[in-house]
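Hi,

Here's the structure I said I'd pass along. Have a look at it first, then read on for what turned up.

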Amino acid sequence: MPCLDSFNRSISYLRVSVTDRCNLRCVYCMSAEGVPWRPHDEVLRYEEIETVVRAAAELGIGKVRLTGGEPLVRLGMVDLVAMLARIPGLDDLAMTTNGILLARYAEELRAAGLRRVNVSLDTLRSERFRRITRLGELSDTLEGIAAAKQAGLVPVKVNTVVIRGLNDDEVVDFARLTYAPPPASAPHSPQLWGVRGARGGGGEWHVRFIEVMPLGNNADWAGNGYVPMSEVRERIEEELGELIPARLGDGSGPARYYRLPGAQGTIGFITPISEHFCYQCNRLRLTADGKLRPCLLSDYEIDLRTPLRRGATIEDIKHLIAEAVHAKPERHHLSEQVIPRGRAMSEIGG
Ligand code: SAM
Ligand code: SF4
């Protein structure tokens, strides 16, 4: 039975933030000091996450993505993946990660039952990677992508938030990645192919460009850096030719996919601002501290942690999830300047 909300949308996808902590401080996601971490006892335990996912699966929500903060900084993440992968009715288990620790865990994650990863990568230039993430090494993320491909966590999708003045001059370089695994002679993007990890893994690249969203305390900043996807598309087509509509995966996500003529990989555009896709939204979000958030861009949340710790049964949790599904708003209201300020993106998981 599909789980329908008040607007007849089928809710089939739960994004689970497993930690609010992160090993990076991306400029569009959190401040240089980071967000004050929640004390450990405020964060859901693995058994509690499992209960929520089990309840969701019983309601027909069969797709789960682990996110954060950075999911791979939480100890025992492979164990959580194994616990969740065993839940009946869960037919897709994926992760979004910055990739820094992925080379270390890719094989184990795959063996534990993870299907796929999305990896965030906003630049192909080492010094710029350090500027955007404040703490990271580009080669670590590239090695993570290569390891994920080798481990079969495919398709690996690369998520690139495009920000004016920061990385918008690289969209064509990213698009070129989709032509192929890098050829030996590497005629394009030489900046990248010289970097440790870039050649490994083989397989095609799938790149998704994302419009930066105002959220938490980044609202003014995001406004200044915003680049509409129409502009990104134009730049790519001017340089590399017309994009051809394509499909990737089950097609139910928010991205619209295209392919460059002759390319193996795909290019996706995610347009939460310029062309919102709320009418097809199929998701709920669980924050690391156990709040169900019906809409990324609304601060309304339903507390699950308190009932979980007071002995709620699976049926009780199913009722609360159904309440969240019912409370899903028809759409976000960013265009009317209603900006959610309650949490940073790192606390919700994107
Ligand atoms: N740490 C992991 C990562 O970076 O992939 C998972 C959490 S991160 C919050 C999830 C996604 O949200 C990333 O792809 C990130 O680029 C994106 N994101 C963060 N802040 C954003 C913003 N203000 N607008 C659009 N996307 C954002
Ligand atoms: Fe961390 Fe991901 Fe936010 Fe970057 S985008 S600071 S990696 S949570």
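This is a predicted model: local features need pLDDT of at least 70, side-chain atom pairs count only at pLDDT 80 or more; totals for chains, interfaces and linings use all residues.

Residues count from 1 along each chain as its sequence is written, chains are lettered from A and ligands numbered from 1 in written order, and side-chain values use heavy atoms, with hydrogens and water left out.

R134 isn't a glycine, yet has a positive phi of about 65°. Its relative accessibility of 30% makes R134 partly exposed (buried is under 20%, exposed over 50%, partly exposed in between, with a 1.4 Å probe and protein chains only). N8, in the segment before β1 (13-17), also has a positive phi, near 65°. At 60% relative accessibility, N8 counts as exposed. There's a cis peptide bond too, joining V154 and P155 with omega about -5°; P155 is in the loop between α5 (138-151) and β5. For context, most residues other than glycine have a negative phi, and most peptide bonds are trans.

Now the ligands. Ligand 1 has 19 residues around it, and Y28, G69, T97, S120 and M213 come nearest (to be in the shell, a residue needs a heavy atom within 4 Å). By class, that shell has 6 nonpolar, 11 polar and 2 charged residues (Ala, Val, Leu, Ile, Met, Phe, Trp, Tyr, Cys and Pro are nonpolar, Asp, Glu, Lys and Arg charged, the others, including Gly, polar). Strands β3 (92-97) and β5 (157-162) each put at least two residues into it.

For polar contacts (N or O pairs within 3.5 Å), an oxygen of ligand 1 is 2.5 Å from an N or O atom in the S120 side chain, and an oxygen is 3.2 Å from a polar backbone atom of T97. A nitrogen of ligand 1 is 2.8 Å from a polar backbone atom of M213. Taken alone the ligand exposes 540 Å², and the protein buries 94% of that (Shrake-Rupley, 1.4 Å probe).

Around ligand 2 you get C22, L24, R25, C26, C29, M30, G69, N98 and S346, which split into 5 nonpolar, 3 polar and 1 charged.

On to the rings. The structure holds 3 aromatic pairs (Phe, Tyr or Trp six-membered ring centres within 6.5 Å; planes under 30 degrees apart are stacked, over 60 edge-to-face, the rest tilted). F174 and F209 have centres 6.3 Å apart and planes at 90°, so they're edge-to-face. F174 is in helix α6 (171-177) and F209 in strand β6 (206-211), so this pair ties together parts 35 residues apart in sequence. F209 and F269 have centres 6.1 Å apart and planes at 25°, so that pair is stacked. F269 sits in strand β9 (267-270), 60 residues from F209, and both of these are buried. F174, F209, Y258 and F269 form one aromatic cluster.

Y258 also has the charged end of R233 over its ring, 4.4 Å from the centre (the Lys NZ or Arg CZ must be within 6 Å of the centre and within 35 degrees of the ring normal). Likewise, K63 has its charged end over the ring of Y13, 4.4 Å from the centre.

Cheers

Terms used. A polar contact is a pair of N or O atoms within 3.5 Å; within protein, one must be able to donate a hydrogen and the other to accept it, and residues adjacent in sequence count only if both atoms are side-chain atoms. Helices (H or I, at least four residues) and strands (E, at least two) are DSSP runs, numbered from the N terminus.
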